[in-house]
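Me: I have a two-chain model open on my screen and would like to walk through it with you. Could we take it one question at a time?

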Amino acid sequence: MMKTCPDKMVQYMHEYLDEELPQEQETELKLHIQQCEACRIHFHELKKTIALVQSTSHISAPSNFTEGVMSRLPKEKKKIGIQRWFQRHPLIMAAAVFFLLMGGSLLTSWNNGSEFAFTAQPNVVVEGQTVIVPEGEIVSGDLLVRNGDLRVEGEVQGDVTLINGQRYMAGAGSITGDIDEIDQAFEWLWYSMKSSFKNMGQFFGLNESEE
Amino acid sequence: MEELVKKRIKQVLKGDQNAFGEIVEIYKDKVFHVCFRMLGNRQEAEDISQDAFIRAYINIHTFDIDRKFSTWLYRIATNLCIDRIRKKKPDYYLDAEVTGTEGLTMYSQIPVDERLPEEEVESMELQDTIQKEISKLPDKYRSVIVLKYIEELSLKEISEILDLPLGTVKTRIHRGREALRKQLRTV
């Protein structure tokens, strides 16, 4: 320990342990170690250290480790993937979201909405379950009749929608707009889809900005 | 092995979470072991190694499929361990090099007997002693020693994991060995 050895000897020891010491220097190191006790002890201690560190036993991960990781994985990732897919296929997304969110409730409303209802235009007459546009009267605006019949003797200046009902046209009666007659659940759904689609764009735009 | 892992990674990228479960199964022991030797505590090692897998999952799209997955995974795990060690570290730095003493740190100036009384050594299991001494190493030496002597990785791979030049890795291994030698010579 008292003797001062060349600094390079310790450097050689480490290079030797890394298996990077050239043959020539290895011989030099070995010769030196034979003569120098301090370096011999130093080298022995280094090798002992490595042996001790390598003697530590391998320990395994605790049980349920994988389950623990899996339960902590973010679920949103998958959702985002689906959203991205839909962004590339906007029409499918529109249909899918529509059927998922609206389909159920619309069908329910179809089954439940069995009451007679109509657009309250000022000059129509109601007889039982029949809405009458009397002769000589002009209804300006759209007219919707649900679960009832419509008899047009006068004139409707607008679109007429009939849900689950019959339309009777008198000789003098006329409708200037489109006529929609709906009498099946599927048609009701389709009608609702068409009329909702205008709002859809806005609905999705809103949805995306929330993400 | 790497081929199977790459196949699973491609499945994970397609959104198959179960494929990631297989990757965890393959590497959990190695990652846990590295973390345990780095942190010296089972509970912390479990937390950090789980975090490492979760980070790997979240960032899987940044993994270069042409490279070795284990290197990438070890890198995440060792970085998390080093962060954890630094958070726990006291204000004084034992690994701060004392000026003028190349390669020597405060460790070499603490008398061996003061650090670990003889009776304590005798009462402890050898394994615990070694682990304790590894845990005393400054994090920059601890990571290279763990990767080299416990995971038995090549110097080149260690330099990739730690994102350090090969020369720096060698220097750190030399200094880490020296520090450990001084700590373990009484064992």
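Reply: Happy to! One definition before we start: a residue counts as buried when its relative accessible area is under 20% and as exposed when that area is over 50%, with partly exposed in between. Please keep in mind that this is a predicted model.

Me: How many of the twelve residues of helix α9 of chain B are buried?

Reply: Helix α9 of chain B covers residues 139-150. The buried ones are D139(B), Y141(B), R142(B), S143(B), V144(B), I145(B), V146(B), L147(B), K148(B), Y149(B) and I150(B).

Me: What is the secondary structure of chain B as a whole?

Reply: Read along the sequence, chain B follows the pattern α-α-α-α-α-α-α-α-α-α-α. Of its 187 residues, 50% count as buried. Among contacts in chain B with a separation of 6 or more, 61% are between residues 24 or more positions apart. The content of chain B is eleven helices and zero strands.

Me: At what angle do the axes of α2 and α4 of chain B cross?

Reply: Two packed helices are described by the angle between their axes and the distance between the axes. Here α2(B) spans residues 17-39 and α4(B) spans residues 69-88, and their axes come within 10 Å. The crossing is right-handed, and its angle is roughly 35 degrees.

Me: How many nonpolar residues are in the contact of α2(B) with α4(B)?

Reply: On the α2(B) side, the contact includes I23(B), Y27(B), V31(B) and V34(B). Among the residues that α4(B) brings are F69(B), L73(B), Y74(B) and A77(B). Sorted by class, the contact has three charged residues, two polar ones and, for the class you asked about, 14 nonpolar residues.

Me: Moving to chain A, what share of its residues is buried?

Reply: Chain A has seven helices and eleven strands. It exposes about 13,000 Å², and carbon and sulfur atoms supply 53% of that area. Of the 211 residues in chain A, the buried share is 35%.

Me: Which helices of chain B do the buried residues of α4(A) pack against?

Reply: Helix α4 of chain A runs over residues 65-72, and its buried residues are F65(A), T66(A), G68(A), V69(A) and M70(A). Those buried residues pack against two helices of chain B, namely α2 and α3 (42-58).

Me: Is Q25(A) buried or partly exposed?

Reply: Q25(A) is found in helix α2 of chain A, residues 23-35. Its C-alpha atom is separated by 9.3 Å from that of M9(A), which lies 16 residues away along the chain. A buried residue has under 20% relative accessible area. With a value of 22%, Q25(A) is therefore partly exposed.

Me: In which sense do β2(A) and β3(A) pair?

Reply: Strands of a sheet pair through backbone hydrogen bonds, either parallel or antiparallel. The bridge partner of V125(A) in β3(A) is I132(A). β3(A) and β6(A) pair over four bridges in the parallel sense, whereas the three bridges between β2(A) and β3(A) are antiparallel.

Me: Which residues form the covered face of strand β6 of chain A?

Reply: β6(A) spans residues 149-152, and D149(A) and R151(A) make up its uncovered face. D149(A) is the bridge partner of T130(A), while L150(A) has R167(A) in β9(A) as its partner. The covered face is formed by L150(A) and V152(A).

Me: Which residue stands opposite V160(A) in β11(A)?

Reply: A further open sheet of four strands has the order β1-β5-β8-β11 in chain A. Within it, β8(A), residues 160-163, runs parallel to β11(A), and four bridges join them. Opposite V160(A) stands I179(A).

Methods
Residues numbered from 1 in each chain as written. Chains lettered and ligands numbered in written order. Predicted model: local features only at pLDDT ≥ 70, side-chain atom pairs only at ≥ 80, totals over all residues. Heavy atoms only, no water. Axes fitted to C-alpha atoms, helices over the stretch in contact; angles between N-to-C directions. Left-handed = near helix turned anticlockwise from the far one by under 90°. Contact = heavy atoms within 4.5 Å. Nonpolar A, V, L, I, M, F, W, Y, C, P; charged D, E, K, R; others polar. Buried < 20%, exposed > 50% of the residue type's maximum accessible area, 1.4 Å probe, protein only. Areas by Shrake-Rupley, 256 points an atom, 1.4 Å probe, with all protein chains shown as cover. Pairing = 2+ DSSP bridges.
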